[in-house]
Amino acid sequence: MDIKPRVCVLGGGFAGIQATRSILRRLPHADVTLIDRNPYATMIPALPDALSGRIARGAMKRPFNGLFAADRVRLVTDSIARVDLPARTLQGRTATYPYDALVIAVGSVPEYYGFSPANGTLCTAHSFLAVEALRTAVAQRHTTDPDAPVMIVGGGYTGIEVAACLRHGVQATGRSGSNGPPITIVEAGDGLLPFLTNRERERVSAYLHELGVNVRTSTTLTAFRDGVVTLSDGVTIPDALVCWSAGMRAAVPDLAPQPEQTRDGRLEVNEFLQLPGFPEVFVSGDAAALKKNGAVVRRAVNFAFYSGRRAGRNLASFLRNRPMRAFSPVDLGWVIPMGGISVGRLFGALRVGGRFGLRLHYAMCGFRHFPGASTGEFYRTAFRLKRVPDPLRSTPSGDRR
Ligand SMILES: Cc1cc2nc3c(=O)[nH]c(=O)nc-3n(C[C@H](O)[C@H](O)[C@H](O)COP(=O)(O)OP(=O)(O)OC[C@H]3O[C@@H](n4cnc5c(N)ncnc54)[C@H](O)[C@@H]3O)c2cc1C
């Protein structure tokens, strides 16, 4: 009897798409279902550019429909709330999905550390819809009150990118000759981006300063009530729009029984990316505690992409009773784009920056993008990189994008 294994991939980001592709190639007869809460995949690293306007917003997402041969994958738009591991079922909003083998690739969501606003809205930049909401909120406030402040909580790469892109976005529109709303980054640590060299950190700080972004280190947000922000040093800022970029955690749904997880919610996996005790369940991307030399690696597209591919291949080998291969993360590097400048490191050592780093970032977005017209948008941006004013290099009336 020819029984088709039911394979589910939960999450259609970088990891989930690669897992799905590998499974389709290796298990041509499997019954494959890809479940995501959205009907599209998102180019998350480009999301801050929805604020600068450098990348067309439509290029940030790619419908799943058309990514795979239509008859090969069942595409389901649903939000999975619970995974019953012994029963091998996923519980969605309206349906239950049984599986024989599963890849969990749900990525990350913001971590609020128990903080919640009282009568105020916390914006974020972690998803397409979240950035759209942030962009709309900033634009609306800018129209009615150009001086209404924006408070960015968290001076990591997301907070810095959002601050720079917001400023460049407002400058690009040249609205009412204004430099845009006052922007403050609040950072709990005693400096921005502790993994940078002093020189790089000074460059980033100087750039933000020249953009008019105020940075308050060793400071936390203690309350956000009725639109009024209160900081740990006692300062209050009325009528603020708050963008939260202070932390992320794995978006793992409720799993029963609860497996071992890191403090930020990532699922512990063995070297084959299997969930201990449930060999038919593979985990990849931000959702997995991927380790190099015993330490969990940072959240990055590169790790998601290759772990997704390995999870898919191992799942296929597992179902065919073939040997699986261990996953070992390789760090290709990172770039933090800030509109006009960038800092980055390739292969752990080689420093990149400036416009070259920006080109590399957009080229990588194109390379990692899910095929479609928007891939070209990223390559075009990389190769014809239009200038945004670098206040450290140009006069205040310098060139605009
Ligand atoms: C603003 C920002 C900028 C970044 N910039 C960079 C960068 O420049 N370079 C870099 O390498 N990394 C960057 N990262 C990190 C990078 O985006 C992540 O590491 C990467 O997206 C992880 O891929 P993933 O496939 O694990 O998860 P994701 O890409 O997040 O995909 C997860 C998918 O799962 C779906 N999902 C989640 N929960 C459920 C559920 N319960 N039910 C159904 N579907 C669900 C989501 O809708 C989503 O489509 C950035 C992250 C952010 C937030």
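In which sense do strand β16 and β17 pair, and over how many bridges? Strand β16 (residues 228-231) pairs with β17 in the antiparallel sense, over two bridges, where pairing requires that DSSP finds at least two bridges between the strands, and strands (E, at least two residues), like helices (H or I, at least four), are DSSP runs numbered from the N terminus. This is a predicted model, in which local features need pLDDT of at least 70 and side-chain atom pairs count only at pLDDT 80 or more, while totals for chains, interfaces and linings use all residues. Residues are numbered from 1 along each chain as its sequence is written.

The open sheet of three strands runs in the order β15-β16-β17 with antiparallel pairing, and its edge strands, β15 (221-225) and β17 (236-237), each pair on one side only. Within this sheet, Val 229 stands opposite Ile 237 in β17.

Val 229 is also among the residues that Val 242 touches, together with Gly 120, Leu 122, Cys 123, Met 151, Val 153 and Phe 224, leaving aside residues up to four places away in sequence; contact here means C-beta atoms, placed from the backbone, within 7 Å.

Val 242 belongs in turn to the largest nonpolar core, of 55 residues, where Met 151, Ile 152, Ile 160, Ala 163, Val 242 and Cys 243 touch the most other members. Helix α4 (residues 157-173) gives the most to this core, with seven residues. A second, separate core of 53 residues includes Ala 15, Ala 19, Ile 104 and Ala 105. Such a core is a set of buried Ala, Val, Leu, Ile, Met, Phe, Trp, Tyr and Cys residues joined through C-beta atoms within 7 Å, buried meaning that 20 or more other C-beta atoms lie within 10 Å of the residue's own.

Conventions: A residue is buried if 20 or more other C-beta atoms lie within 10 Å of its own, exposed if 12 or fewer, and partly exposed in between; C-beta atoms are placed from the backbone. Two residues are in contact if their C-beta atoms, placed from the backbone, lie within 7 Å.
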